[in-house]
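Thanks, everyone. Let me put the model up, and then we can walk through a few side chains together.

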Amino acid sequence: MKTSRTTLMVAVTATVIASSATVAAVGTQHFRLDSAESFFGGELEGTAIHSDGSVRVGASTERAEIKDVPTAYSVVSRGDETYVGTGTSGVVYRYKKRKLTKKYATGELLVASLAFGRDGALYAGTLPNGHIFRIDPKTEKITRFSTPKGAKHIWALYYEPKRGRLIAGTGPEGTIFEIDSDGVARVLHKGDASHVMSLTGDRKGTIFAGTSDDALVLEISPSNQVKVVHDFPGNEITSIDYLDGELAVAANEFKIKPGGQFKGGGAPARPSARPPGTRPRPGKGQLWRVGRDGRLEQLIDSKQSHFTVVEWAEDGRLYAGSGAEGHVLQVETDATYAIWADVEERQVLGLSLRSDVPSFVTGDAAAVYWVNPGLPKKPVWTSPTLDSGFASTWGRITWRGSGKIVIQTRSGNTQEPDDTWSPWSKKLKAPAKVPSPPARFVQIRAQLPADPTAELRSVDLYYLPQNQRPRVSAVQVGAKAPKPAKAGRGAQSSPPPASSLVKLSWTVVNPDRDAVRFRLSYRREAGGPWRPMFLEDTVLNQPKYTWDTESIPDGYYLVKVDASDEEANPENLVMHSEVVSQPILVDNHPPRITKLAYRNGKVQGEATDAVGPIARLQASIDAGPWRDIFPKDLLLDSPEEAFEMKLTGLEGKTHIVAIRAYDAAGNRVTDEIIAKVR
């Protein structure tokens with residue numbers, strides 16, 4: 001997805017079938033996992049879920065728990081040393097070569113911020129009493145360095161190198177202080193905000209500050225002139241980071257204000273295991289980028305979680321910690337993103353990835369994670385528990401991707417896997433019948449090779465639920481719409497009408513309401529040149545198009561949509577964005593019926609399709625009504641299905657038996673045979 005923001009997406013209406021063998025009985029169904037949303041529900045071990053709907057190799061991490069500590073809130077690194085600020089005992093931990101070597105007690109509740117000074121000293125900002133401590137690099141002693149007047153919460157520290165001054169962002173009076181080498185604090189800026197939550201700056205002496213409760217980002221020039229960069233949505237700028245002219249911003253909306261755990265900024269309102277500075281419920285969060293030219297770009301808009309911390313990497317990627325799911329997101333320069341790391345703790349609170357020993361820290365509970373160089377040895381993605389509704393017989397499992405992917409399954413009859421579940425099955429290196437025993441629930445595990453080009457794009461698992469007793473209840477007069485199929489499960493319905501037309505639609509966010517022109521192109525999923533879908537003299541201004549695929553070969557295709565505001569702007573100001581669809585199956589050719597014969601009182605044959613699977617089989621005797629028949633293995637999950645039907649209770653000796661087969665795209669074929677019944 002290449003676009004200026006993630007809300008520009010393609011919604012492609014294509015033929016995707018998970019068919020039942022018959023409408024009158026329980027038929028073949030399947031689980032399909034082929035989108036970012038469906039993959040997000042799984043567990044990651046050295047894998048990453050990308051917003052384009054693929055699973056790829058992710059980060060290799062090493063975890064160290066900080067025992068008996070509720071949260072690790074802040075982190076900085078220097079050489080091979082990592083310093084972690086914690087709560088609720090307000091201790092700074094030092095790790096050297098990934099081993100705990102020193103603890104520094106502040107006597108406060110939380111070490112909310114850490115920063116190195118020019119002389120190598122480490123400064124620690126705390127709350128709820130607004131003290132700043134200094135750890136001497138030579139003596140390793142910790143002393144109280146400064147207590148800025150009126151400050152109760154030292155949310156952020158930033159050492160400004162050009163003028164050699166320590167900058168502190170504080171609350172509850174929203175004051176920014178500059179502190180000299182003797183610990184004397186002078187007010188640099190005091191606005192209307194209650195809290196200054198985050199600080200960063202450039203090498204020229206410019207300082208950027210993020211505030212609460214008005215979600216402003218301020219720019220303070222070297223001459224101490226203050227201006228507002230932007231008034232962001234929400235009520236708090238929780239984290240900002242600056243690198244090479246680019247400013248990253250985490251703008252959040254919370255119901256509880258910073259420091260709301262305190263009465264008058266003093267002691268906690270009541271004893272609690274929840275660390276001060278954290279919030280009991282996740283908020284809503286947005287990630288923004290402010291470019292060198294001042295242009296704002298929204299990268300991610302999340303309604304489920306806020307963003308606790310952001311940090312640029314040297315390669316231009318942005319990393320963000322989440323406040324609810326224990327995720328570290330990796331955001332690319334084109335605004336696509338991935339869940340880069342998934343940890344067992346709920347909150348990722350501090351990042352130190354732009355260092356010799358990259359690391360991040362978590363809350364609920366406290367842990368420090370180091371990011372290993374290179375790729376993980378065994379990247380594994382495990383699906384969420386998939387519920388078939390009833391005890392089911394598993395059919396084939398198929399997948400698409402690149403690299404030598406190995407698939408395993410396990411099954412059981414409890415929502416959460418436990419000792420009653422079957423063990424993980426043998427490793428499958430190619431699509432095959434699921435080796436796990438019949439059950440209601442199933443789980444899928446995919447192991448990727450340690451190869452950055454490997455990716456898993458989709459998984460399909462077919463199954464046949466156990467037939468249930470029909471029970472008649474109150475009868476209503478009038479048609480009633482069938483209930484929609486559950487998410488991730490194939491619908492019990494007939495194949496769709498065959499058609500070479502594929503209806504495409506997409507969403508575009510157009511803030512300035514310029515006229516937008518769309519160009520569409522396509523290519524095979526496996527590669528090759530992009531081909532225009534229509535001539536250049538066709539001007540498409542509506543976000544939809546009907547694509548006639550009759551003239552192209554069957555297979556999976558990608559569709560690219562290019563959006564341009566060229567009709568409302570001069571050439572040098574024209575803006576473009578592009579988005580690529582998920583793979584679309586084009587199947588315009590019917591299946592074939594072969595080996596049709598009448599032997600020993602049975603009509604036998606095979607239905608085959610070049611793409612598959614066969615989705616429905618029917619039979620008609622002597623031009624009578626069409627009735628569904630099952631394949632020999634009872635599961636419609638393969639491009640080749642053998643069938644047989646016993647002829648009984650017929651009058652006369654000669655009968656015409658017609659067989660009809662559908663593929664998943666709705667293409668059908670009919671053949672017939674004369675059966676001479678003895």
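Start at Thr-200. This residue sits in strand β19, which spans residues 195–201. The model is predicted, so keep that in mind throughout. Is Thr-200 buried or exposed? Buried: its relative accessibility is 5%, and the cut-off for buried is under 20%. The Thr-200 side chain has a polar contact to point out. One of its polar atoms lies 3.2 Å from the backbone nitrogen of Tyr-242.

Now, charges. Side chains of opposite charge can pair when their charged atoms come close. How many salt bridges does the model have? The count comes to 34. I will take three of them, and then a network.

Arg-165 and Glu-178 come up now. They form a salt bridge, with the closest N and O atoms 2.5 Å apart. Where do the partners lie? Arg-165 is in strand β16, residues 165–171, and Glu-178 is in strand β17, residues 175–179, so the pair ties together parts that are 13 residues apart in sequence. Arg-165 has 5% relative accessibility, so it counts as buried. Glu-178 has a relative accessible area of 11%, so it is buried as well.

Next, Arg-289 and Glu-297. Here the closest N and O atoms of the salt bridge are 2.4 Å apart. Buried or exposed? Both Arg-289 and Glu-297 are buried.

Move on to Asp-301 and Lys-303. Their salt bridge has its closest N and O atoms 3.7 Å apart. Asp-301 is at 30% relative accessibility, so it counts as partly exposed. Lys-303 is at 51%, so it is exposed; the cut-off there is over 50%.

Then the network. Which residues does it join? Asp-52, Arg-56, Arg-400, Glu-455, Arg-457 and Glu-525, linked by salt bridges that share partners.

Last, the surface. Which residues form the positive patch? Four lysines: Lys-378, Lys-404, Lys-427 and Lys-429. Take Lys-378 from that group. Lys-378 is in the loop between β33, residues 367–371, and β34, residues 380–382. Its relative accessible area is 61%, so Lys-378 is exposed.

To recap. Thr-200 is buried in the predicted model, and its side chain reaches the backbone nitrogen of Tyr-242 at 3.2 Å. Arg-165 pairs with Glu-178, and Arg-289 pairs with Glu-297. Lys-378 belongs to a positive surface patch.

Terms used. Residues are numbered from 1 along each chain as its sequence is written. This is a predicted model: local features need pLDDT of at least 70, side-chain atom pairs count only at pLDDT 80 or more; totals for chains, interfaces and linings use all residues. Side-chain values use heavy atoms; hydrogens and water are left out. Patches are made of residues with over 30% relative accessible area and no salt bridge: like charges are joined within 9 Å, nonpolar side chains (Val, Leu, Ile, Met, Phe, Trp, Tyr) within 5 Å. Accessible areas come from the Shrake-Rupley method with a 1.4 Å probe; for residues, only the protein chains shown count as cover. A salt bridge is a side-chain nitrogen of Lys or Arg within 4 Å of a carboxyl oxygen of Asp or Glu. Lys and Arg count as positive and Asp and Glu as negative; His and the chain ends are not counted. The place of a charge is taken as NZ of Lys, CZ of Arg, CG of Asp or CD of Glu. Helices (H or I, at least four residues) and strands (E, at least two) are DSSP runs, numbered from the N terminus. Buried means under 20% relative accessible area, exposed over 50%, partly exposed in between (1.4 Å probe, protein chains only). A polar contact is a pair of N or O atoms within 3.5 Å; within protein, one must be able to donate a hydrogen and the other to accept it, and residues adjacent in sequence count only if both atoms are side-chain atoms.
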